[in-house]
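Q: I would like to learn to read a model like this one, feature by feature. Where shall we start?

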Amino acid sequence: MSKNSIEVYKVGSSVKLADDVYGTIVEIHICGENSVFYKCAWWNGRSYITEMFGPNDLEVKLPEKHKIGFV
């Protein structure tokens with residue numbers, strides 16, 4: 001049995017999504033072939049918005065990654 005591990009940013013990490021848009025990682029989605037997507041949320045006026053982003057589509061303020069493993 002082989003063990004796989006991947007590194008992910010933790011839920012609650014602050015991220016920069018665009019020049020003037022900052023949000024928070026609220027969910028981590030791990031898909032086939034160990035691809036990772038992050039659901040981020042932010043306020044735009046009185047609207048609360050959530051959207052999925054790939055790891056290359058966001059800039060994490062404190063880019064501390066955590067390893068998680070699978071058997």
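This is a predicted model: local features need pLDDT of at least 70, side-chain atom pairs count only at pLDDT 80 or more; totals for chains, interfaces and linings use all residues.

Q: What lies between E3 and E4, and which residue in the turn has a positive phi?
A: First the terms. Helices (H or I, at least four residues) and strands (E, at least two) are DSSP runs, numbered from the N terminus. Two strands pair if DSSP finds at least two bridges between them. Here E3 and E4 form a hairpin, with five residues between them. Glu-33 sits in that turn and has a positive phi of about 60°. The two strands run antiparallel and are joined by six bridges. His-29 stands opposite Phe-37 in E4.

Q: How many helices and strands are in the protein chain?
A: The protein chain has zero helices and seven strands. Along the sequence, the pattern reads β-β-β-β-β-β-β.

Q: In what order do the five strands of the open sheet stand?
A: The order is E5-E4-E3-E2-E6, with antiparallel pairing. Strand E5 (47-53) and strand E6 (59-60) are at the edges with a single partner strand each, so one side of each has no neighbour in the sheet.

Q: What joins E2 to its partners?
A: Take E3. Four bridges join E2 to E3, and the two run antiparallel. They form a hairpin with two residues between them. Ser-14 stands opposite Thr-24 in E3. Now take E6. Strand E2 (residues 14-18) pairs with E6 in the antiparallel sense over two bridges. There Val-15 stands opposite Val-60.

Q: Which residues does Ser-13 touch?
A: Contact means heavy atoms within 4.5 Å. Leaving out residues up to four places away in sequence, Ser-13 touches Gly-23, Thr-24, Ile-25 and Val-60. The side chain of Ser-13 also reaches the backbone oxygen of Lys-10 at 2.8 Å. Across the protein chain, 41% of the contacts with a separation of 6 or more are between residues 24 or more positions apart.

Q: How many aromatic pairs does the structure hold?
A: Rings of Phe, Tyr and Trp (its six-membered ring) pair if their centres lie within 6.5 Å; planes under 30 degrees apart count as stacked, over 60 as edge-to-face and the rest as tilted. The structure holds three such pairs. One of them is Tyr-9 with Tyr-38, a tilted pair at 5.7 Å centre to centre and 45° between the planes. This pair links distant parts of the chain: Tyr-9 is in strand E1 (residues 4-9), Tyr-38 in strand E4 (residues 36-44), 29 residues apart. Both Tyr-9 and Tyr-38 are buried.

Q: Why is the pair of Trp-43 and Tyr-48 called tilted?
A: The ring planes stand at 55°, so the pair is tilted; the centres are 5.0 Å apart. Trp-43 counts as exposed, at 59% relative accessibility. Tyr-48 is partly exposed, at 48%.

Q: Which residue forms a salt bridge with Lys-39?
A: Side chains of opposite charge can pair when their charged atoms come close. The rule asks for a side-chain nitrogen of Lys or Arg within 4 Å of a carboxyl oxygen of Asp or Glu. By this rule the structure has one salt bridge. Its partners are Lys-39 and Glu-27, with the closest N and O atoms 3.9 Å apart. Lys-39 is in strand E4 and Glu-27 in strand E3 (residues 21-30), so the pair ties together parts 12 residues apart in sequence. Lys-39 is partly exposed at 24% relative accessibility. Glu-27 is partly exposed too, at 32%.

Notes: Residues are numbered from 1 along each chain as its sequence is written. Side-chain values use heavy atoms; hydrogens and water are left out. Buried means under 20% relative accessible area, exposed over 50%, partly exposed in between (1.4 Å probe, protein chains only). A polar contact is a pair of N or O atoms within 3.5 Å; within protein, one must be able to donate a hydrogen and the other to accept it, and residues adjacent in sequence count only if both atoms are side-chain atoms.
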